[in-house]
There are 2 protein chains.
Amino acid sequence: MKSQSLLSAAVAALGLVTGLTNVTYGDEGMWLFNNPPRKLLKEKHNFDATEKWLEHVQKSSVRFNSGGSGSFVSADGLVMTNHHVGADCLQKLGDQEHNYYRDGFHAKSRDEEKRCVDLELNVLMSIEDVTERINAAVKPDLNAEQAFAARRKIMAEIEKESLDKTGLRSDVVTLYQGGQYHLYRFKKYTDVRVVFAPDQQAAFYGGDPDNFEYPRYDLDVCFFRVYENGKPAQIEHYLTWSQNGATDGELVFVSGHPGRTDRLDTLAELQYLRDTGFPYLLERLYRMEVMLSAYSGRSDENARQAKELLFSVQNSRKAREGGLAGLLDPALLARKDADEKALRSAVAGRADLKDALSAWDRIAGAEKTRAENIRKFTMLEGARGGAAGFASTYFTIARTLVRAAEERPKPNGDRLCEFRDSNRESLELELFSEEPIYDGFEQARLASALTFLANQLGYNSELVQKVLAGKSPEERAAELIKGTRLKDIAVRKALVEGGSKATAASSDSMIALARLVDPEARAVRKIMETDVDEVKRQAYAQIARAKYAVEGASTYPDATFTLRLAFGAVKGYEENGQQIPFETNFAGLYLRAKQHHNRPPFDLPPRWVERKDKLDLNTPFNFVCTADIIGGNSGSPVINRNAEVVGLIFDGNIQSLVLDFIYTDKQARAVAVHSQGIVEAIRKVYDAATLADELTGKGRASP
Amino acid sequence: MKSQSLLSAAVAALGLVTGLTNVTYGDEGMWLFNNPPRKLLKEKHNFDATEKWLEHVQKSSVRFNSGGSGSFVSADGLVMTNHHVGADCLQKLGDQEHNYYRDGFHAKSRDEEKRCVDLELNVLMSIEDVTERINAAVKPDLNAEQAFAARRKIMAEIEKESLDKTGLRSDVVTLYQGGQYHLYRFKKYTDVRVVFAPDQQAAFYGGDPDNFEYPRYDLDVCFFRVYENGKPAQIEHYLTWSQNGATDGELVFVSGHPGRTDRLDTLAELQYLRDTGFPYLLERLYRMEVMLSAYSGRSDENARQAKELLFSVQNSRKAREGGLAGLLDPALLARKDADEKALRSAVAGRADLKDALSAWDRIAGAEKTRAENIRKFTMLEGARGGAAGFASTYFTIARTLVRAAEERPKPNGDRLCEFRDSNRESLELELFSEEPIYDGFEQARLASALTFLANQLGYNSELVQKVLAGKSPEERAAELIKGTRLKDIAVRKALVEGGSKATAASSDSMIALARLVDPEARAVRKIMETDVDEVKRQAYAQIARAKYAVEGASTYPDATFTLRLAFGAVKGYEENGQQIPFETNFAGLYLRAKQHHNRPPFDLPPRWVERKDKLDLNTPFNFVCTADIIGGNSGSPVINRNAEVVGLIFDGNIQSLVLDFIYTDKQARAVAVHSQGIVEAIRKVYDAATLADELTGKGRASP
């Protein structure tokens, strides 16, 4: 699973629409540590989630502020996470002679542990429910704007008070879509040093073909150590290592930071995604993937230029295919339908929730409007200026320049959101980026995009005719790229300084194109913002409030990158009539490499070839379980009833990609590295016996 | 260019809709040898196409009945063509120890020349216009069916009479869409032996990424020799070798057998293809290419299973992208528009052509119906049973069985065309084929197809709901594949023997699916056959007759796999603001391999690496010219004014793919191997000095 999915989703999650659900299903749930599913665990799994157990697991869990999860695994501050979570740090530590990200890293002694440049880890020390205090400060007679300001004020007050009192980082988090507010206090660690990472080829074995797939053979693990005052931090709560690791059928828990879920989505919204949103997105992704692959095939230099975009397109394509497959499972949507009907009927019975009664229909209406406008919107506007009909870095720059000139003179609140003062710095960082632009690549992308534009909006439409200006897409793209000087950052700066006078007078081909397209692009954006997004925002807020009023906090809130506890069984599944076993082993890794003639991305790193005979090939390597996870859970420990480490989450299978919207354990699985595989590999392939001993407690006094 | 394009098109061409045009443009035209563009050549190029010159070139030209063109290049029956035209013969000559197709072949003496299994070459010896005799036999008062029978009868009579008299193969060919009928007499050669072929990697250097591209570096050449009575045939007319080969700007000719063009297509039809047909086909091809690539990436065995289909999808995708790019060139469609207006206004002025007046509007109406039905038709019916919504070999077999049972009891003329008696043998060959079926591959294709079906016809449509039967596409595909026994050929045979009773009673999952889909599939097929194809057939016949009445035989007829003469200039072109030179050389080949680190498909065969120092790297290798060619021209000689060989056609560039509909010399180019490159390579890389001497006439008495 790439950073786009398990990581970035998490980063973007804070403050987004969240929801809740009452009827949990199977092993569903990303539960709050202060509201765990005690009854369910007792009844279904005969497990007592004691306060002590919960506190221990909570304080053993670590949040990576770069996105992702981890856990303490020794008294000396050792932290375990995924290689792909540690990737950013590994990359930044490299230099011309060292590529730690690609080749791995191993500190043979603590002296050799290398401090990360900008990594911060947080540990959640306490949770306090401050809902009443917040609600008391937000008087019912305030209008929306006043309420927002009052809420921000009391939140800031609570946070400051807590920081002053405890010295701990203190955040008030919004849960249940505003049904509850909790104060989270974190211990911060800023001196974080890398201890061990395998080669990237072992961590991400199977590359893109195996991404989101199972069975898997990945050593996606990485170890850090937190320091205080220049010494390894002494940690009270850390997870010990299980003797056996995960076994078939056993109850396991995942403690981590799922980034974002959309389980409040109405049936109408899911139907839109199933029938229009995902198929249309996939149509574009298929098209782009073929274009980028074909371009890459022409030369090594082309492949280099296109690599990053191709990689991201393939990752999105896989993720969306998985999501669509889930939405096409009628059992899942039937469950959603039943839940929705139950809630609607409860709402109908309560006079105090009258305003929410029509919310579902208003969302259905908005989805209809969205379906009608999505093609035009995607072609002309897209997300963050990435209009699919003009796919070119030059166009993105040109549009930003044209719009900045128009927007900046307006009062801050009246501007398009990306031009508000708060975003100025990051917008300029992007606009004046030295990132190289390759004209051949721009030509290939833009010609393909203009062809798509003509097909999607109709060749004879007025706008398409104006855009193509009497030329074929290929010729017009060449003309546009030849006629722009926006590669020169000085030219961009001059246009920013010159304001709307400068952009209006500019004869630059791309500036002229951006000017030409802007009225229609703005018009369709306005429809989407006003008639879709705003309608949905209001309706979802009403549904969330109604849901909370009906169901209370009897369940878990949508994921918000806060610490959650999930649980489930270690369990294989059936796929296309075949039983997929719950675990893989090292023998399977070597077999897979052999079947692929050791060709990338299925090649074994040389030391794995050399050390084959030393390894016990029957050692479990990866396994799956039914725990409810999503992007942000990367690096979460998988633990047993005794809170011992049995594995390490690093991916979800393709069937798990629907978990964004709805939980299912039919085939959806969390994919983890097995604890025994970790120890066997670091001992016998990487000669990291000291680390293995620290993990397994060998040489440690019995507790 | 793959066999799909330059070859197979040719095979399918005979008897298809053909057209004509009066206004030729630039170096347009695939001219008849008995109706050459004498005036144009004289005025534009100051060239006299004398009877003697024409006869010499005609009789030096060779038709490969496997599809493709060639020429005599020595008095001893040496024939030159492309490696990819000779591929079929090379493959059939191979055995467990010899892969001549892949590794090449070189007969060091005539004794070593190997006889092909089933290759027949034809040489056109004479053309006789028999239009009057045919028309006289087809009385004007006959109805369509009677006219057809009468025409067939007189054609057979003429052919038999000619064969009896001359002993030559005699075919009456239809030209100008029935405006003319010519009797073609061919000398047949059936003892054809292979003399020389390079390794396939040299012939098809650059593989798929370079297919339909330019600049190129391909030695796509192959030599055969025709024998008579066990000895090399002595040939009167053959092409001699040019001293210099093709030079920039010079006038050249191409003599060969273009397979099929559709230049009669109306503007409405081209607009349909531009706005609906090609974009929709490309949408499917993009989707399939990604699915097949992803499936292939999972294992070597997967890649092997998917290879052929993936290759063909990529080839079609490239071809259609090129065609669409041409259709999106407004200059081309404006020319078509002007030509069409001129013809329509001429028709309007003639009372005898009254019936054709509305033909254009009827075609436009049919194209509208086609656009409305194409998605459903493609999903449920497709071409030759290949319904895109059920892409699976099992489904194709099941549908054939279900329909055969229903169709065979009907009178021959009432059946769906593929079930007519004339097609019985080839249908059964396909139906009872031992070709292996891989269930994993079927699963991947069918699950993707059912997903596409749900999206295209609407998830909630009655048919989709019935097809999915309450399951997700993935699950349903697994269930269908698990539930069929059609892999067993005995099961298929039993169902054929059991007839409609057996298919109706069968509980085989795929048979049941085929039964379920059939009513709607037949219904949409009927709309397409009746309201589109038949309407167009009649309207195009009227337009063709009108065109012939107005313009006569003053121009060339659409391609029909008969011998044609094209001409043009050796000339580079501009692409994306860059000038593409007219020729490449060996130095460029080595540079390209180096830039790609000699990785497939840009790797050099070992002997090319060894012999690099022996080669004159400045020798021209490939070049382009503006001659009007299309699929079927593969292997055509490129000759100069003196009828000397200067090159060998083997491909068209991506911009030439629009030539199916309309000629353009802006960027469209025929791609050829340069005569000097051929001789230099066979001498210095392949040590085939004897062959090179035979070609260049070294050691031959001066004429």
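A: Let's start with Lys536(B) and Glu269(B), which form a salt bridge with their closest N and O atoms 3.0 Å apart. The model is predicted, so please read each distance as a computed value. This pair links distant parts of the chain: Lys536(B) sits in helix H20 (residues 509–551) of chain B and Glu269(B) in helix H10 (residues 267–298) of chain B, 267 residues apart. Lys536(B) counts as buried because its relative accessibility is 10%, under the 20% limit. Glu269(B) is buried too, with a relative accessible area of 7%.

Turning to chain A, Glu269(A) forms a salt bridge with Arg370(A), and here the closest N and O atoms are 3.1 Å apart. Again the pair links distant parts of the chain, with Glu269(A) in helix H10 and Arg370(A) in helix H13 (residues 359–380) of chain A, 101 residues apart. Glu269(A) counts as buried at 7% relative accessibility, and Arg370(A) does so at 17%.

Another pair to look at is Arg399(A) with Glu381(A), whose side chains meet in a salt bridge at 3.7 Å, N to O. Arg399(A) lies in helix H14 (residues 393–407) of chain A, while Glu381(A) is in the loop between H13 and H14 of chain A, 18 residues apart. Both Arg399(A) and Glu381(A) are buried. These two also belong to one network of salt bridges that share partners, whose members include Arg403(A), Glu407(A), Asp518(A), Arg522(A) and Glu529(A). Over all chains, the count comes to 135 salt bridges.

Now for the contact between the chains. Six salt bridges are counted between chain A and chain B; Arg599(A) forms a salt bridge with Asp300(B), the closest N and O atoms being 2.9 Å apart. There are also 18 residue pairs in polar contact between chain A and chain B, both residues at pLDDT 80 or more. On the side of chain A that touches chain B, the largest share, eleven residues, comes from H10(A). That side divides into 15 nonpolar, 13 polar and 17 charged residues. Together the two chains bury about 3,700 Å² between them, 53% of it on carbon and sulfur atoms. In chain A, Arg298(A), Leu328(A) and Tyr459(A) lose the most area to chain B, together 19% of what that side buries.

For the nonpolar counterpart, the largest nonpolar core has 138 residues, and Leu486(B) and Met510(B) are among those that touch the most other members. Leu486(B) touches residues including Tyr394(B), Ile397(B), Leu401(B) and Met510(B), not counting residues up to four places away in sequence.

Terms used: Residues numbered from 1 in each chain as written. Chains lettered and ligands numbered in written order. Predicted model: local features only at pLDDT ≥ 70, side-chain atom pairs only at ≥ 80, totals over all residues. Heavy atoms only, no water. Buried area = accessible area lost by both parts, 1.4 Å probe. Salt bridge = Lys/Arg side-chain N within 4 Å of Asp/Glu carboxyl O. Polar contact = N/O pair within 3.5 Å; in protein donor to acceptor, adjacent residues only side chain to side chain. Helix = DSSP H or I, 4+ residues; strand = E, 2+ residues; numbered from the N terminus. Nonpolar A, V, L, I, M, F, W, Y, C, P; charged D, E, K, R; others polar. Core = buried A, V, L, I, M, F, W, Y, C linked by side-chain atoms within 4.5 Å. Buried < 20%, exposed > 50% of the residue type's maximum accessible area, 1.4 Å probe, protein only. Contact = heavy atoms within 4.5 Å.
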